[in-house]
Amino acid sequence: MSSTHTEPAPAKLNLFLHVTGKRDDGYHLLDSLVCFADCGDVITATARDDAELTLSITGPMAGVLATGNIEDNLILRAARLLRAEANVTQGADLTLEKNLPVASGIGGGSADAAAALRVLCRVWQLDIPTTELEKLALKLGADVPVCLHGKTVLMQGIGEKLIDLPELPNLSLVLVNPGKAVSTPEIFAARDAGFTEENLWDRTARFNSGASLAAALQDCRNDLTLPASGILPEICDVLNALAREDGCLLARMSGSGATCFAIYDTENQAERAAHAIAESQPDWWVQATGIQTTEDRARAQIGASFPA
Ligand SMILES: C[C@@](CO)(OP(=O)(O)O)[C@H](O)COP(=O)(O)OP(=O)(O)OC[C@H]1O[C@@H](n2ccc(N)nc2=O)[C@H](O)[C@@H]1O
Ligand SMILES: Nc1ncnc2c1ncn2[C@@H]1O[C@H](COP(=O)(O)OP(=O)(O)O)[C@@H](O)[C@H]1O
């Protein structure tokens with residue numbers, strides 16, 4: 001059996017994000033509908049005979065991550081943690097193809113950490129129960145458990161409570177980032193509103209189209225949009241650019257920003273919107289995409305990557 005394996009690290013989307021409380025340690029309690037886009041980073045790992053862990057970073061968004069302190073990368077932090085907890089003596093050579101903008105509210109680092117845990121379990125042939133792996137994931141960041149889970153869920157607690165939901169219809173999405181990073185702790189700290197009630201989302205609801213899902217999402221919001229756009233006003237420009245394109249059913253920020261997404265009525269409209277926005281704003285990151293379905297996840301199990 002080959003000792004090289006590849007795992008996709010899909011972009012995480014918070015279709016809504018309600019802040020419902022705050023813990024004594026400063027972490028916020030969330031209620032968020034999370035799904036995964038059909039685009040993202042890609043992690044590859046090859047087992048080594050010695051104990052070394054290496055990481056090389058390629059791809060259009062490698063930038064600061066490749067020139068910064070590589071030891072701090074969430075992929076190596078995940079690898080070190082897994083190796084220690086599972087008493088592994090082998091090392092691994094890892095590569096990250098960085099396609100997602102960094103610090104952008106779509107969980108790039110968290111998705112990478114989760115994919116690193118998954119790929120290393122395969123490379124090192126570890127059979128760790130999901131609950132144990134999720135506990136380990138939480139030590140790496142509040143968003144890592146949901147990225148490890150990789151399915152549409154209602155995420156609560158600080159990110160550790162994951163409630164499965166009926167599958168969503170595929171969506172015609174456009175993701176846009178204005179090319180500026182925002183800091184998650186800074187956005188939470190800038191929030192001065194009260195808290196939103198928990199459990200506003202009907203967990204049994206099934207949607208047969210993007211339009212019916214978008215209609216239900218109108219009753220929800222992203223509670224971090226106000227503090228984030230106070231810090232980075234370009235977020236309002238991104239939301240306006242998405243909203244004014246034909247067929248836009250909903251435009252909203254994901255996570256702590258600055259990436260925003262819009263749901264369009266048809267795939268053609270999403271493609272046209274992406275094209276128009278990219279043309280008028282060449283410095284923005286613009287991506288037309290769908291969401292991960294059960295079929296996509298099944299393909300991922302056999303090492304498939306994302307569509308070009
Ligand atoms: C806001 C969310 C929503 O999905 O997404 P992103 O914007 O990161 O994509 C996540 O909760 C981000 O999770 P993650 O990026 O893993 O956060 P962590 O590294 O654990 O925490 C960074 C900092 O953010 C704040 N934080 C994070 C999560 C949370 N539930 N409450 C918080 O207050 C804390 O100040 C914490 O010190
Ligand atoms: N593999 C990685 N990809 C992206 N960011 C990483 C990675 N490893 C460490 N980081 C750091 O994690 C922070 C959060 O990045 P990211 O997870 O992309 O943000 P967000 O969760 O808001 O999308 C950044 O400051 C970045 O420097």
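This is a predicted model: local features need pLDDT of at least 70, side-chain atom pairs count only at pLDDT 80 or more; totals for chains, interfaces and linings use all residues.
Let's start with the overall layout. The chain splits into domain 1, residues 4-165, and domain 2, residues 172-289. Taken over C-alpha atoms, the centres of domain 1 and domain 2 are 22 Å apart. Where they touch, 26 residues of domain 1 are in contact with 32 residues of domain 2.

On the domain 1 side of this contact, the elements giving two or more residues are β1 (4-22) and β2 (28-48). β1 gives the most, with ten residues. By class, this side of domain 1 has 16 nonpolar, eight polar and two charged residues.

Two annotations can be laid over the model. An unreviewed UniProt entry carries the feature "domain: GHMP kinase N-terminal" at residues 73-151. In the model, that span is 57% helix and 9% strand, and its end C-alpha atoms lie 24 Å apart.

The UniProt annotation "domain: GHMP kinase C-terminal", also from an unreviewed entry, covers residues 218-279. Residues 218-279 are 48% helix and 18% strand, with 29 Å between the end C-alpha atoms.

## Around ligand 1

If you are setting your eye on the ligands, here is the shell of ligand 1. It has 21 residues, and the closest are G141, A142, D143, G255 and S256. The elements that give two or more residues to this shell are β1, β2 and α6 (184-190).

Both domains take part: the shell around ligand 1 draws at least three residues from each of domain 1 and domain 2. Sorted by class, the shell around ligand 1 holds eight nonpolar, twelve polar and one charged residues.

## Around ligand 2

Ligand 2 has 19 residues around it, of which L74, A103, G108, G109 and D112 come nearest. Here α2 and α3 are the elements that give two or more residues to the shell. The largest share, four residues, comes from α3.

By class, the shell around ligand 2 consists of seven nonpolar, ten polar and two charged residues.

Helix α4 spans residues 130-140, and L133, L136, A137 and L140 are buried in it. Viewed down the axis of α4, these buried residues fall within an arc of 105°, so they line one face of the helix.

## A closer look at G141

Is G141 buried or exposed? G141 is buried, because 20 other C-beta atoms lie within 10 Å, and the cut-off for buried is 20 or more.

Setting aside neighbours within four places in sequence, G141 is in contact with S110 and A113. The C-alpha atoms of G141 and A114 are separated by 10.0 Å, with the two residues 27 apart along the chain.

Note on methods
Residues are numbered from 1 along each chain as its sequence is written. Chains are lettered from A and ligands numbered from 1 in the order in which they are written. UniProt positions are given in the numbering used here, feature names are shortened, and annotations may be inferred rather than shown by experiment. Domain bounds come from an automatic or database domain assignment. Two residues are in contact if their C-beta atoms, placed from the backbone, lie within 7 Å. Ala, Val, Leu, Ile, Met, Phe, Trp, Tyr, Cys and Pro count as nonpolar, Asp, Glu, Lys and Arg as charged, and the others, Gly among them, as polar. A residue is near a molecule or strand if its C-beta atom, placed from the backbone, lies within 6 Å of it. A residue is buried if 20 or more other C-beta atoms lie within 10 Å of its own, exposed if 12 or fewer, and partly exposed in between; C-beta atoms are placed from the backbone. The arc is that of the directions from the helix axis to the C-beta atoms.
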